[in-house]
Amino acid sequence: PGFLHMMKDPNKYFPPKVDTILISQSDFQLDTAQEFGQEHANEEKIYDFIYTGGDQEVENDCVGWASYNKNFSFVREALEVMCSPEFNLTGVLVANKNKAGTKACTIPAACHGKIVQTPLLEQSKFFGYLSKARWAFFPQICDASP
């Protein structure tokens with residue numbers, strides 16, 4: 001017998017005769033994303049990029065643990081270049097606004113009118129924005145998940 005797990009030390013929980021494999025349920029949740037991608041493959045691209053910040057500390061201007069993991073300090077620096085007249089990119093910053101939609105993290109002035117900032121989104125809404133972007137921006141170093 002065996003068990004799929006996502007525990008740091010499975011030997012603490014399973015007897016030696018039980019085989020274990022380190023694998024998460026999320027590794028198997030690709031059907032929805034793949035189906036959505038196929039259905040929206042020809043979606044008109046209205047944004048150059050999309051970035052998702054997880055559930056950032058918006059009330060603290062995106063300074064904190066989640067923002068650190070998603071490398072938001074670098075994102076701010078990159079936005080200076082991306083929004084500059086030389087590149088003039090448009091984009092979506094997901095989870096960059098509080099849940100009430102009343103406060104957003106500061107972004108460079110050059111990005112105003114070019115960047116949409118959203119609260120943390122349900123997966124289907126995120127996929128909707130993703131399908132309208134030319135590319136996804138994943139600058140994080142400490143967090144491997146997009």
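This is a predicted model: local features need pLDDT of at least 70, side-chain atom pairs count only at pLDDT 80 or more; totals for chains, interfaces and linings use all residues.

Asn71 sits in the loop between H2 and H3. Its phi is positive, about 60°, although Asn71 is not a glycine.

Cys62 is found in the loop between S3 and H2, and it is buried, at a relative accessible area of 4%.

Now the overall layout. The protein chain has four helices and six strands, and along the sequence they come in the order β-β-α-β-α-α-β-β-α-β. The radius of gyration is 19 Å, well over the 15 Å that the globule rule gives for 146 residues, so the chain is more spread out than a compact globule. Along the principal axes, the C-alpha trace spans about 65 × 35 × 30 Å.

Some totals for the chain. Buried residues account for 35% of the 146 residues. The accessible surface is about 9,400 Å², and carbon and sulfur atoms contribute 56% of that. There are 13 positive and 18 negative charges, and their mean positions lie 4 Å apart. Of the contacts between residues at least 6 apart in sequence, 64% join residues at least 24 apart.

Next, the strands. Which strands pair with S4? One is S3, residues 47–52, which runs parallel to S4 and is joined to it by four bridges. Within that pairing, Tyr51 has Leu93 as its bridge partner. The other is S5, residues 115–117, also in the parallel sense, over three bridges. There, Val92 stands opposite Val116.

S4 itself covers residues 91–94, and both of its faces are covered. In a regular strand the side chains alternate between the two faces of the sheet. In S4, Gly91 and Leu93 are on one side, Val92 and Val94 are on the other, and all of them are buried.

On to H4, residues 123–131, which contains Ser131. Is Ser131 buried or exposed? Its relative accessibility is 9%, so Ser131 counts as buried. Leaving aside residues up to four places away in sequence, Ser131 touches Phe36, His40, Glu43, Glu44 and Lys45.

Lys17 lies in the loop between S1, at 2–5, and S2, at 19–22. Lys17 is exposed, because its relative accessible area is 68% and the cut-off for exposed is over 50%. How far is the C-alpha atom of Lys17 from that of Val116? The separation is 53 Å, for two residues 99 apart along the chain. Val116 is the S5 residue that stands opposite Val92.

Conventions: Residues are numbered from 1 along each chain as its sequence is written. Side-chain values use heavy atoms; hydrogens and water are left out. Helices (H or I, at least four residues) and strands (E, at least two) are DSSP runs, numbered from the N terminus. The radius of gyration is taken over C-alpha atoms; the globule rule is 2.2 Å times the number of residues to the power 0.38. Buried means under 20% relative accessible area, exposed over 50%, partly exposed in between (1.4 Å probe, protein chains only). Contact means heavy atoms within 4.5 Å. Accessible areas come from the Shrake-Rupley method with a 1.4 Å probe; for residues, only the protein chains shown count as cover. Lys and Arg count as positive and Asp and Glu as negative; His and the chain ends are not counted. The place of a charge is taken as NZ of Lys, CZ of Arg, CG of Asp or CD of Glu. Two strands pair if DSSP finds at least two bridges between them.
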